[in-house]
Amino acid sequence: MIRLHHIAQSRSFRVLWLLHETGLPFDLVPHRFDKSLRDPAYLALSPAGRVPALEVDGLTLFESGAIAEYLTEAHAPHLARAVASPDRAAYLEWLHFGETIGQHLANLTQHHIALREDHMRSPTVMRLEAKRLAICLEAVAGKAGDGYLLPGGFSAADVQCGYGVLIGQRFTTLSPQAAAYLGRLQARPAFQAAMAQDGPAQIYLREFYAAPEG
Ligand SMILES: N[C@@H](CCC(=O)N[C@@H](CS)C(=O)NCC(=O)O)C(=O)O
């Protein structure tokens, strides 16, 4: 039995998408951003009360990068690069670069959405983080070129970084190359299945959150 603890639009979308890429059967447990994430029962799954958390093979795992590594190595090696592969190092770099993007998304989400009053927000941080995000998305698009991040084809690294491009487009305008990469990801049946299962928006209600002028 595999069970994913998930909040729509959050970083647990990566695991939802990856599970669809694997074709493994799983159950989805929807959560909300509320105090229930701090219940002892949930903290036993994820010690800081975060999503994703994944119950699999009698284990409970948190951290999307660790989940991606475990899930692919144990159940879908075609979505990873084995230790002996010449692409192993690049695979690990881009798999974890997803969280470099993630930190900018989290800062921008906090400033634009979670902090509700203008006086709580820093326009400087909002502009800076949007620029830093754009640099990351260009790095991804440049590496992907006309294909995916690794020469051998689609991998979990595309899931980890692709989520960043998907959400990142709400904070910065994608270059044509980044938009084309996202288009290739969105055309995948597993991506579409994950979107259909994601649930009603929990975080991003606007298409675009512009940085304040400055
Ligand atoms: N590095 C972690 C980040 C997990 C994380 O912070 N998830 C957010 C949603 S994107 C969360 O659960 N926030 C709930 C909270 O902070 O209470 C991962 O990639 O799994």
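How far does a polar side-chain atom of arginine 38 lie from an oxygen atom of the ligand? The distance is 2.7 Å. Before going on, note that this is a predicted model, where local features need pLDDT of at least 70 and side-chain atom pairs count only at pLDDT 80 or more, while totals for chains, interfaces and linings use all residues. Residues are numbered from 1 along each chain as its sequence is written, and side-chain values use heavy atoms, with hydrogens and water left out.

**The ligand site**

Around the ligand there are 13 residues, counted if one of their heavy atoms lies within 4 Å of it. Arg38, Val51, Glu63, Ser64 and Glu99 are the closest. By type, the shell splits into four nonpolar, three polar and six charged residues; Asp, Glu, Lys and Arg count as charged, and Gly goes with the polar ones. Here are some polar contacts (pairs of N or O atoms within 3.5 Å):

| Side chain | Ligand atom | Distance |
|---|---|---|
| Arginine 38 | oxygen | 2.7 Å |
| Glutamate 63 | nitrogen | 2.8 Å |
| Serine 64 | oxygen | 2.7 Å |

On its own the ligand has 520 Å² of accessible area, and the protein covers 83% of that (Shrake-Rupley, 1.4 Å probe).

Val51, one of the closest residues to the ligand, is joined to proline 52 by a cis peptide bond with omega at about 5 degrees. Proline 52 sits in the loop between helix H2 (40–43) and strand E3 (53–56). In the loop between E3 and strand E4 (59–62) you'll find aspartate 57, whose phi is positive, near 55 degrees. Most residues other than glycine have a negative phi, and most peptide bonds are trans.

**Aromatics**

The whole structure holds 10 aromatic pairs, meaning ring centres within 6.5 Å. Phenylalanine 13 and tryptophan 17 make a tilted one, with 6.2 Å between centres and 45 degrees between planes; under 30 degrees would be stacked and over 60 edge-to-face. Both lie in helix H1 (residues 12–22), four residues apart, about one turn.

Notes: Polar contact = N/O pair within 3.5 Å; in protein donor to acceptor, adjacent residues only side chain to side chain. Phe/Tyr/Trp six-rings, centres within 6.5 Å; stacked < 30°, edge-to-face > 60°. Helix = DSSP H or I, 4+ residues; strand = E, 2+ residues; numbered from the N terminus.
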